[in-house]
Amino acid sequence: MSYPISIFILDVSNSSSADMGDELTDYLDEMVNWINTWTKDNGHVKVKHRAGDEIIFAGYGYSTAYILSFFISRIWKYREHTPYFGLSFGDSDKKLEEVDIEKWIHPLIKQARYANDLLKQEQVRPLFKFELDQFYHNESFSYNQFRSEFEILMNSLLGIQMTLVKEQTKIQEQVCTCYLILQQQKAVGTLLGKTAPTISSHYKKGKVEEILNVFKVLTAILDSLQDKSYNNPKLITSSLLLKNIRNHLKDKFDLLPQ
């Protein structure tokens, strides 16, 4: 029997700064706690802060790792020490309950690690990279025959998204992040103490709709691939995870970037 899973490996840029080591370590520990809170209703997960500035995550659901990565990237408070994520998704013949994430040897772990290593080599480093076609071969699932094409399309969309994110001003970043969580411009205005026209202007100029649409599209594609591969309505879906993340973050606005 196989299980749909996804994996990310998070690294932090410029993490070797002498004056930031302990603070980043504490922050990564806090992120691990938040991830455990967000995924408490999504089945067993493996998440570990290791090697000083790295978090490794494995969870059920093709879209789970990407959803978590996107939210973490939006709420991350250290602008000079941004996270970047090597991502993979696919299928495991073992339940996550049965594996030790520190010792687990699996092609999906290798792919996520490879994606992370490729990101390290980029002069202008993207936030996300999927790696699907180098090591993993399982012809029992239909999407695998197109894995190279899927990888190119997903990473291209993420590249466009990153370009739009990099062009946002500080207030546009805040509007985008708050809208991701609250999903209403009026609620964002109330939270930030801005008028509706001001929020609407930042929403449009900051290309918030376009940025979040990439997130929605990729999440929907990953969910669709899982549904077609397994055809089991009882499997993990993204809706509950999104609900849990948003509910938790609504109580944590004072801890988000200002």
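Residue L225 lies in helix α8, which spans residues 208-230. Helices (H or I, at least four residues) and strands (E, at least two) are DSSP runs, numbered from the N terminus. The model is predicted: local features need pLDDT of at least 70, side-chain atom pairs count only at pLDDT 80 or more, and totals for chains, interfaces and linings use all residues. Residues are numbered from 1 along each chain as its sequence is written, and side-chain values use heavy atoms, with hydrogens and water left out.

L225 has a relative accessible area of 12%, so L225 is buried. Buried means under 20% relative accessible area, exposed means over 50%, and partly exposed lies in between (1.4 Å probe, protein chains only). In sequence, L225 and Y62 are 163 residues apart. In space, their C-alpha atoms are 7.9 Å apart.

Strand β4 covers residues 83-92. Ten of its ten residues are buried. Strand β1 (residues 3-12) runs antiparallel to β4, and ten bridges join the two. Two strands pair if DSSP finds at least two bridges between them. Within this pairing, I7 stands opposite S88 of β4. Strand β5 (residues 128-130) pairs with β4 in the parallel sense, over three bridges. Here F85 has F128 in β5 as its bridge partner. In a regular strand, side chains alternate between the two faces of the sheet.

Helix α1 spans residues 21-38 and contains E23. The relative accessibility of E23 is 38%, so E23 counts as partly exposed.
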